[in-house]
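Thanks for asking me to look this over. My notes are below, as numbered points to read with the model open.

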Amino acid sequence: MSAMLKEQLVKVFSLMKPGMLFQYEAELDAFLEFLIWRFSIWVDKPTPGIALMNLRYRDERAIEARGKVRTGLEGPGLTVAQKLWYCVATVGGQYIWARLQSFSAFRRWGDSEQRSVARGAWILIQRIEGLYKAASFGNLLLFLYTGRYRNLIERALRARLVYGSPNMNRAVSFEYMNRQLVWNEFSEMLLLLLPLLNSSSMKKLLSPFSKDKSSSSEEDDLTCPICQASPTVPFLALPCEHRYCYYCLRTRCAAVPAFRCSRCNEPVVAMRRHVSEPKQ
């Protein structure tokens, strides 16, 4: 959802100065994340992705104080404090970390020529990032085993995702998927068959259905059937004696030993130069 909103917002400023939004990319991401949090979690509603999966957030501390539940769906939503800390961690935390990384990279804290304080700060940032990734991986293993908290923020806030309703009708339409499969298979079939087709035979087969039936055979003989241009150096294909360009006929006969005439489909066994009769 954040990526979709960001794409639309970038289109709004597409006519502005190039690179203007790049300077404030971190602020833009934080603003979009805040909007999603404000109109979903803050008003006790799931985010769009969570709503599609029929899930909602539940305060796990209240469930532990109450004891066992009957179906596993009962329980209150998040408290105001949990919602605020969720915003601080997801929106503020990501923004501060993104700005800190960009600032340290711009100042080149990781260079060996920098002061010991800047170098130490860079090493500290790298270690914190490594510890966070290791903790996230450990949390992922626990989530796959228990299915309780999908990230460290939810585990720290004791905010668990549970089903919003016990019954939900899944309206899944495969119409678009079937259409895509049909077109993909059809395109693959065309890519396989088109190189195997003889263009001259297909042209001869479709010539009776051509819309241009006014041209006479005499006009057709004046053009090369391969390049559809008037031959500059005309040669005749033997034995049918149809006129070709020398280059077109020579290259076709060299490429295809059993080349057939594009007009009459007769085998071409030889070629000779066409000598026009002098006008009287």
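1. Strands β3 and β4 run antiparallel and are joined by four bridges. Helices and strands here are DSSP runs numbered from the N terminus (H or I of at least four residues for helices, E of at least two for strands), and two strands pair if DSSP finds at least two bridges between them. Across this pairing, F235 stands opposite Y244 in β4. The hairpin of β3 and β4 has three residues between the strands, and E241 takes a positive phi near 60° there.

2. A word on the source: this is a predicted model, where local features need pLDDT of at least 70, side-chain atom pairs count only at pLDDT 80 or more, and totals for chains, interfaces and linings use all residues. Residues are numbered from 1 along each chain as its sequence is written, and side-chain values use heavy atoms, with hydrogens and water left out.

3. Strand β3 (residues 234–238) is also joined to β5 by four bridges, again antiparallel. Here F235 has R273 as its bridge partner in β5.

4. Contact means heavy atoms within 4.5 Å; axes are lines fitted to C-alpha atoms, for helices over the stretch in contact, with angles from 0 to 180 degrees between N-to-C directions.

5. Why is β3 largely enclosed by the rest of the structure? Five of its five residues are buried, so the strand is covered in this way. Buried means under 20% relative accessible area, exposed over 50%, and partly exposed in between (1.4 Å probe, protein chains only). P234, L236 and L238 point one way from β3, while F235 and A237 point the other way. In a regular strand, side chains alternate between the two faces of the sheet.

6. For the whole protein chain, I would note twelve helices and five strands. Of its 280 residues, 20% count as buried. Among contacts between residues at least 6 apart in sequence, 47% join residues at least 24 apart.

7. Please also look at helix α9 (residues 175–193), where L190 is found. L190 counts as partly exposed because its relative accessibility is 33%.
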